[in-house]
Amino acid sequence: MSPREFDHLAGLYLDGEASRPQVLALREALRAHPELRARLAAHVRLHRAQVAAPRRASAGALAGLRAFAARSGLALAHACVLLLVAVELDVALPRIDAQSWVAAPAAPVPAPAAAEAAPLAPLAEDGADEAPLPEVREPDFLDS
């Protein structure tokens, strides 16, 4: 048996994929050539190291991910409870298009008397008579 065939059989055996005839051929090679025992021992050490390395690496690497998942899962659970309360209580949430960021006047503006009311002039086509839009800032959206 060539060293390449022996290495292949040893790999199949250690991975648990060797068939019965392959295991018997490996045993026969070990009986016929005692020097292959050292080669098999090296394969066993390498296989154990390869199997143990991902476990050690994943324990440390996944610890941060597990902590993040625990925190975000808790935050998501709280958000779901708040959403459920809002839906069950039929709470009207402010919308962006409701212009909730425009400040209300301090005092109500008195309506003009019917006789004093001037007819509305048509709008100029160049847009010069349009009232300026209120300045919208990001914190205004966050407060609503």
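Where is the place of L40? Select L40, and the viewer will show a residue in helix 3; helices here are DSSP runs of H or I with at least four residues, numbered from the N terminus. The model is predicted, so local features need pLDDT of at least 70 and side-chain atom pairs count only at pLDDT 80 or more, while totals for chains, interfaces and linings use all residues. Residues are numbered from 1 along each chain as its sequence is written, and side-chain values use heavy atoms, with hydrogens and water left out.

L40 is buried, at a relative accessible area of 15% (buried means under 20%, exposed over 50%, with a 1.4 Å probe and protein chains only). Beyond its neighbours within four places in sequence, L40 is in contact with F6, A10 and L30, contact being heavy atoms within 4.5 Å. From L40 to L30 the C-alpha distance is 8.7 Å, across 10 residues in sequence.

Next, select F6, L9, A10, L26, A29, L30, L36 and L40, the 8 residues of the largest nonpolar core (buried Ala, Val, Leu, Ile, Met, Phe, Trp, Tyr and Cys residues joined through side-chain atoms within 4.5 Å). Helix 1 (3-15), helix 2 (20-32) and helix 3 (36-88) each contribute at least two residues to this core.

Finally, turn to helix 2, where V23, L26, A29 and L30 are buried. Viewed down the helix axis, these residues fall within an arc of 120 degrees, so they line one face; the arc is taken from the directions from the axis to the C-beta atoms. On the other side of helix 2, look for the exposed R20, P21 and R31.
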